[in-house]
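Hello,

Here is the structure I promised to pass on.

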Amino acid sequence: MRLERHSSNLIDYTQPLSFVFNNKTYKGFKGDTLASALIANDVIYYARSFKYGRKRGIIGAGVEEPNALVSLEIGGRYTPNMKATEVMLYNGLSAVSSSNPNSIDFRAMIKPLHRFMPAGFYYKTFIKQKFWSIVEDRLRSLSGFSKAPSENDKDVYDHIFQHSEVLVIGGGVAGMSSALEVLSKSKNNRVILVDERENLGGELTNEFATDQSAALWYQETKDRLLEFRDEENSRLKILSSATAYAWYDHNYVEVLQTNATGQSMTHKGVQLARKLIHKIRTKEVILATGAHERPMLFETNDLANIMLCQSVRRYINEFNVVAGKEIILYGNNDSIYNTAIDLINHNIKPKVIDVRTSGNESETVIQAKDLGIEVIQGFAVRKARGKSRITGIEISKVEMQAKPPHWKSEWRMSKDVQILSCDLLATSGGFNPVVHLDCHCGGKTYFDNNSQSFLPQKERKNRQVCGAVNSIGYWKDAIIDAKNKAQLTLHSLSENSQINPQNLSNKSLNYFNIDHFFTPLEILNRPKVFIDLQNDVTTRDISLSISEGYRSIEHIKRYTAMGFGTDQGKTGNINGIAVAAKFLDSPMSEVGTTTFRPAYTGVDFGAMAGREIGDFFDPQRFTTIHDSHVINGAEFEVVGQWYRPWYYPKDGESMDQAVNRECRAVRNSLGMMDASTLGKIDIQGEDAREFLSRVYTNAWMKLAPGSCRYGLMCNEKGMIIDDGVSTCINDNHFIMTTTTGGAASVYSTLEMWLQTEWSHLDVHLSSITDQFSTVAVVGPNARELMKKLCQDVDFESQNFKFMQWRPGTVCGVKARIMRISFSGELAYEINTEANYGRFIWDEVAREGTEWNITPYGTESMHVLRAEKGFIIVGQDTDGSMTPMDVNMNWILAKNKPFSYIGRRSFSISALNADDRLQLVGLLTKDEQFVLPEGAHIISNKGISIGYVTSSYFSPALERSIALAQLKGGLSKISQTVIVKIVQEKQGLKEVPCEVSSSIFYDINGEKGDGNE
Amino acid sequence: MQKKYSWYSLLKAGLANQDWDKAIPSSKPKSKYDVIIIGGGGHGLATAYYLAKECGITNVAVVEKGYIGGGNTGRNTTIIRSNYLRDEASSLYEHSMRLWEGLSEDLNFNVMFSQRGVYNLGHTLQDMRDIERRVNANVLNGVDAVVVDHKEIKEQIPIINTSKNVRYPIMGASFQARAGVARHDGVAWGFTRAASHLGVDIIQNCEVIDIEVEGGRVKGVKTTQGDIMADRVGCVSAGHSSVIARMAGLRLPVESHPLQAFVSEAMKPILHTVVMSNAVHGYVSQSDKGDLVIGAGIDGYNSYAQRGSAKIVEHCAAAILELFPIFSRVRMNRQWGGIVDVCPDACPVISPTKIEGLYFNCGWGTGGFKATPGSGNVFAHTIAQDKQHDLAVPFHIDRFTTGALIDEHGAAGVAH
Amino acid sequence: MFSINCPYCKESRDQNEFSPAGEAFVARPENPEALSDEEWADYVFYRTNHKGDHWEQWVHTSGCRKYFLVKRSTITHEVIEEATFAEVYSEKIS
């Protein structure tokens, strides 16, 4: 219900909002969370638990909430598994429970069987594989929370890089204070202050009602921070609604900022990011992440309306709502009294049950008693009463032994039971410092006896902790602690050599000074004492796990699924560790924690990906001629990041028809191709020749300027990694071409050799792939066309020979013309500055019409080269082929003084085995049958002895041709082998083939000179 | 005698306060064993189990520096398949697959092996050529495999994006129906329980700090729980193989790298199979709990810390969204890293060493989990007979000297 | 996500700008032909893979494209030192 006295300044009562939850319409106000608005509307049940399908209420007020999971909105803004406590209310919001508490639930129906289904149940059942495969899908349908989304996301996400000297994580009293201290005590340091809530202040707002000075401090500090933020050349960024969720190496922290939960956001017509990831690199981190309260343990502690004490307090103070009228507060520290006092101030009279016996009371306890609050000291709750929601509690007197004879018997409980009625129970078992982030990247925790919790390790390079995460409970001490830590931070930045730490007051351990954390075995051995509410892990599950030998805390976690939920065990895990310690009879410090990993709170996949999806997933590379290919109707093939024309279908041609036409044009008259994507590396320096000799297998010392040469490149394993033609511009200048896909890796490999091994060589490399455009003019009429296009070069065969190049002017553009061929036809490659590419292409096309010049794509290129037996590295070789394997011994220089890359490996035994896969040609006996690529050649025993790497129908030969890797293939020329087609879709059959040379067409190389 | 898991025992235990025997015993080391296995991960535990079960060697200790199954066994994406390219690899993985198919019964422990099939997607023409080659090789080797086109993929996985207008359109895939996933912790626990039932000592929190070698023969190990003697020592310490090797004065052809994975929050079942894409760098399945289990790529630098770079994980999320755009508003719940030992040919070493009695099983890279039973099985025989199991022969460490590499990533398309 | 100080650019930049390039000081043998197969395999395939502070090569891929050396802990990922080859080798010699 909403409280009558409105004290919150976070709720804007002038802005009522309407929303729908589980198909019912409710009212709330701006400033509400979905949770607070539902509490205001007296909603009790929010969802069901994972394993047993138990109806659950809300227990928390923030990201620690394990129960109240909802699905938000529908369609392209449907969001699964939102915690009602983290959803800010907006008008028209629509949500449903992730697992409906009001409908019939199978898991809940089989309640009598729950006793047979403890932790580890499934490891012991359905052991027969067949049985398991049948039941598994049934079981799956019971699991999970929200349904998965069914439509594409309508929103966008973004990443932003940030840099700071100091990153303050947490905008509560400690964070605010330390940020301000750093800013005001230094001139140049940039500060980023991050907080998960919409407003700064954290838990301090809870103090306002009872402590005027807190409100004053807050206002003043906030104003001063805002001044810093808003000044010119501001050094402060405040990121609110922003959660630091991961801390990576070298002080790199990722922060997820949420702009809204479900609303569409556009600004001036531009769609704004729903969420932003701030990627922050900082020199120093000040960790002021606060603490989460943990619940007390007792039987059926999972009933609805059993909440965390501090959450109840926050709901009262921030949202003016409370979930009950007859309220009992139960715990082991002073926070229960603070909440009680706040309730009294709203005319609700609670009862307080303190497990601590009387004596040594703090001011807060005395104050509460003075206000007339009924305080029952030295009692513990045994059990919550009620079916699905709490109606009362059973309590018994407890005794602590000051010096227990043995660690585990410090508690005693009397057998007498009293019953108290209530409709809301708020508990506090102490506070867990939020150490998660600090542990993502190597930080350790230690167990602190005072607070019975794990604290961040004291000293860590470039990091300070202050406030509640440092177990400072009293807000004024948090300020002192924060200022001290700010000084240390500045000192670490060498800004300030003087450190004058102030002392903390004797109230500093407020909330954190608890000795009575543990619960007696009488309670822990009862059923239904829940540790992890989301996954229904009970104390008995932990006990069972330990008795079965799963004793490591990681085993316990994994066996029981404790902490696996969307809350990652923020409230439950420490209790679980305490319970495990109890059953293991060893101290909590030895039991230790499970590993803290990112993300602190969930991060949308969309946010993780940011803009790098769709077109931006990977760069797309287009040649300068690309638009012309599009106009020509090309289909494209992606090679590396490049979009290369695959074939150019005309008038509804199939691919085969188009390729057939293109190939014939090249063989019979003239074709043209965009070869700009081949990698090009400019190599200059006095030792350029020596360098080429080292990285290629063949000789380069005598290649004359004006000439080109094909080279084959291996790695040190002796395997082919790339090939291409290099051109000698002059004695100190070469241009290497690489395969399209291999360009980047070849370039970096060459740089690696040069820089790490051969830095004494005078060689300089530049990648010039993008700087040049290459149009290949290919076919018997190529010379005629070139003569038309270029007047200042002598194209006569004897003057411009195969494997030579000439500088010239093509259509008025300076060009390097290479006479090289990947098809066996007469061919020239016109290289110009890239920006002229489209112009040259269009001119070539126009001038070539008299020979019916035909653009062709990669598919025809593949056919044409296969006819000539030229390999494609990566298709006919696979990283395990040597030059000898592809029958290219001729390219291995014998007398180079330097042992070129890969050469030494050629002599090791396996590379000389007789049964290596070797590249050969295959001619099907049925000339019309085209072998499927990837089909295997089998021995007479039916095992694979090779496979088809390339296979085409050759228009020139009017028959099928194929290249294959065949074991010992080079000694099997002319033999018949069987290719076995084993896929039904391809038609099961055995295809007899003749092993042939891999050169099929123009075997004697007579065509290379074109038409005379 | 250990209590058998059965409906009867479950019923009895349910009525009698869940009284069970220890599945994981807490043993202290004896001073001498026939065989010591270093490393209480899946492979080490499986080795011990098969030593006891199939080789008659029960005087075996598994020494684990932390808790069993705490390394890569308990932090992988649990994909199991055997559709490898090379005969040597596919034979080994298929051997493993057959063991998986009877493993729960064999161990009397449900490891939740779930044969929901694995798709390896192809996005380019060369991907498809590689897939054809691999599938055909698989069929010839008796490994179930088919090539499916993008339409068939869409029919089986309606939520996948098969649009042609994406950066890397899905052209097709290989599909192995018998492939799937298993519950990783269950595998470690199942082997532990079964092995210790046969007499194997499982010793946790026992770190090996040195290996005793005398005259070229292994004598035993020094540990944080004292010296333990044995004539035969099998090292199965993925992530730390080089460290253990150095104790015996050996070098290995492996490097340790971080490999990352993450899970989403649990949702109702939506993805019923396993989808892997090497081209876009991501693989995903949905666990029985409902969370998406997603594997990312490997970091290029050496590391022994169980964490990697944010960029790798973020790129992987982008890759998953390329395949499944509807997951954009699904949240990553938890992310972690493991250390994988990578061999230059992406295949493991299962081998004797220069030191008599010292054997190594390492270098599984990103793909070790699926091999767990098979690896343990052939390694057990290799140790027991002091002679490599037939299926392990190609994985001898000498292949790096002779050049007889089994180059899986050469053409496999998928090296995971 | 490392922050690496390129010894050429003299600026700390995000790891994304760099690529790791393997263990450092794996020198290519001067005369490979004179090596035994074992020695050659050791150079090509075997690595120290050190756990602890180790020298490795990085290249400033999206920057100056220079290869350089980084001494980094493979346990904590802390970078101890970045240096050019010249700097390290001159130190080694002196």
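Let me start with Phe106(A), which sits in helix α2 (residues 106–109) of chain A; helices here are DSSP runs of H or I with at least four residues, strands are runs of E with at least two, and both are numbered from the N terminus. Phe106(A) is partly exposed, at a relative accessible area of 45%. On that scale, buried means under 20%, exposed means over 50% and partly exposed is in between, using a 1.4 Å probe and protein chains only. Together with Ile104(A) and Met109(A), Phe106(A) makes a nonpolar surface patch of about 380 Å². Patches take residues with over 30% relative accessible area and no salt bridge, joining nonpolar side chains (Val, Leu, Ile, Met, Phe, Trp, Tyr) within 5 Å and like charges within 9 Å. The areas come from the Shrake-Rupley method with a 1.4 Å probe, and for residues only the protein chains shown count as cover.

Before going on, please note that this is a predicted model, in which local features need pLDDT of at least 70 and side-chain atom pairs count only at pLDDT 80 or more, while totals for chains, interfaces and linings use all residues. Residues are numbered from 1 along each chain as its sequence is written, chains are lettered from A and ligands numbered from 1 in the order in which they are written, and side-chain values use heavy atoms, with hydrogens and water left out.

Chain A also has an open sheet of 5 strands with mixed pairing, in the order β2-β1-β7-β5-β6; two strands pair if DSSP finds at least two bridges between them. The edges are β2 (24–30) and β6 (79–83), each with a single partner strand, so one side of each has no neighbour in the sheet. Within the sheet, β5 (residues 69–72) and β7 (residues 94–97) run antiparallel and are joined by 3 bridges. Ser71(A) has Val96(A) in β7(A) as its bridge partner.

Chain C has 2 helices and 6 strands, arranged from the N terminus as β-β-β-α-β-β-β-α. Of its 94 residues, 47% are buried. Strand β4 (residues 53–59) of chain C has 6 of its 7 residues buried, so it is largely enclosed by the rest of the structure. Antiparallel to β4(C) runs β3 (residues 19–23), joined to it by 3 bridges, with Pro20(C) opposite Trp58(C). Strand β5 (residues 67–73) of chain C is also antiparallel to β4(C), with 7 bridges, and there Arg72(C) is the bridge partner of His54(C).

Now for the charged pairs. Over all chains there are 87 salt bridges, each a side-chain nitrogen of Lys or Arg within 4 Å of a carboxyl oxygen of Asp or Glu. One of them links Arg56(A) and Asp302(A) (2.8 Å, N to O). Arg56(A) lies in strand β4 (residues 55–56) of chain A and Asp302(A) in the loop between β16 (291–293) and β17 (306–308), so the pair ties together parts 246 residues apart in sequence. Both Arg56(A) and Asp302(A) are buried.

Another is formed by Arg281(A) and Asp14(C) (2.7 Å, N to O). Arg281(A) belongs to strand β15 (residues 273–287) of chain A and Asp14(C) to strand β2 (residues 11–14) of chain C, so this pair joins two chains. Both Arg281(A) and Asp14(C) are buried.

Best wishes
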